[in-house]
Amino acid sequence: MAFEGLGEKLQQAFADLRGKGKLSERDIDAALREIRRALLEADVNFKVAKDFIANVRTKAMGEEVFGSLKPDQTVIKIVRDELTELLGGTSSKLMLSSNGVTVIMLVGLQGAGKTTTAGKLALMLKKKGHKPLLAACDVYRPAAIKQLQVLGEQIDIPVFRMDEKVDPVR
């Protein structure tokens, strides 16, 4: 997933802020530089990353941070709130069919994390009492079919697959 490494990189940026009794403008700028780098490495559009950092910087440079008892946590909260707003501001529920089968198709660029996401979704649905079935239909990367089978075995969810010579689209 594009955002999978983002969390770790954000944690690293925040690690430099933690434990400091007071934050200087230099501390905040250094953390924001790392956050910007993490966003760009996660393929976030340059303008979106630039605007995001500008919004966080404006809020982080306010009295809210410098006057707070735990400035590091305040900056982390500002970043979290801005990320939530950037991603739509509200959480969306997965809409499942009340009668019959719900089909969820994952589409995206190669290496975006579709196979891993499919496994995570299936496990989440299984834990909620549903009976997911994974279908291996990657037409460009046959190794993804094997990867999905391995994931299915690990989480005890069946995987439908066709012979390698069969075109999944057909």
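## Reading a predicted model: bridges, cores and a pocket

Trainee: Where do D156 and K126 lie?

Mentor: D156 sits in the loop between α7 and β2 (159–160), while K126 belongs to helix α6, so the pair ties together parts that are 30 residues apart in sequence.

Trainee: Are these two residues buried or exposed?

Mentor: A residue counts as exposed when its relative accessible area is over 50%, and as partly exposed when it falls between that and the buried limit of 20%. D156 has a value of 60%, so D156 is exposed. K126, at 32%, is partly exposed.

Trainee: How many salt bridges does the structure hold?

Mentor: There are eight salt bridges. Some share partners, and in this way E25, D29 and R57 are joined into one network.

Trainee: Which residue forms a salt bridge with D51?

Mentor: The partner of D51 is K47, with 3.0 Å between the closest N and O atoms. Both residues are in helix α3, four residues apart, which is about one turn of the helix. D51 is partly exposed at 34% relative accessibility, and K47 is exposed at 52%.

Trainee: And what about K77: which residue does it bridge to?

Mentor: K77 pairs with D81, and here the closest N and O atoms are 2.6 Å apart. Helix α5 holds both K77 and D81, four residues apart, again about one turn of the helix. K77 has a relative accessible area of 41%, which makes it partly exposed; D81, at 32%, is partly exposed as well.

Trainee: Helix α5 also contains E82. Is E82 buried or exposed?

Mentor: E82 has a relative accessible area of 11%; buried means under 20%, so E82 is buried. Looking beyond residues up to four places away in sequence, E82 touches F52, N55, V56 and K59.

Trainee: How should I read a nonpolar core?

Mentor: Here is the general idea: in soluble globular proteins, nonpolar side chains tend to be buried together. In this structure, the largest nonpolar core has 25 residues, and F14, I35, L39, F52 and V79 touch the most other members. The elements giving two or more residues to this core are α1 (4–15), α2 (25–41), α3 (46–60) and α5. The largest share, six residues, comes from α2.

Trainee: Which residues is I35 in contact with?

Mentor: Setting aside its neighbours within four places in sequence, I35 is in contact with L10, A13, F14, F52, I53 and V79. Apart from this core lies another, made of eight residues, including A122, I145, I155 and I157.

Trainee: Let us finish with the largest pocket. What is its volume?

Mentor: The largest pocket has a volume of about 1,300 Å³. Its lining is made up of 40 residues, and I104, M105, L106, A118 and A135 lie nearest the centre. Two or more lining residues come from each of α6 (114–127), β1 (134–135) and α7 (142–155).

Trainee: Which element gives the largest share of that lining?

Mentor: Helix α6 does, with seven residues.

Trainee: How do the lining residues divide into nonpolar, polar and charged?

Mentor: The lining of the largest pocket holds 25 nonpolar, 11 polar and four charged residues.

Key:
Residues are numbered from 1 along each chain as its sequence is written. This is a predicted model: local features need pLDDT of at least 70, side-chain atom pairs count only at pLDDT 80 or more; totals for chains, interfaces and linings use all residues. Side-chain values use heavy atoms; hydrogens and water are left out. On a 1 Å grid over the protein atoms alone, a cavity is a set of points where a 1.4 Å probe fits but cannot get out, and a pocket is an open set with protein on both sides within 12 Å along at least five of seven lines; lining residues have an atom within 4 Å of a point. Grid points are joined across faces, edges and corners, and a volume is the space filled by probe spheres set on the points. Ala, Val, Leu, Ile, Met, Phe, Trp, Tyr, Cys and Pro count as nonpolar, Asp, Glu, Lys and Arg as charged, and the others, Gly among them, as polar. Buried means under 20% relative accessible area, exposed over 50%, partly exposed in between (1.4 Å probe, protein chains only). Contact means heavy atoms within 4.5 Å. A nonpolar core is a set of buried Ala, Val, Leu, Ile, Met, Phe, Trp, Tyr and Cys residues joined through side-chain atoms within 4.5 Å. A salt bridge is a side-chain nitrogen of Lys or Arg within 4 Å of a carboxyl oxygen of Asp or Glu.
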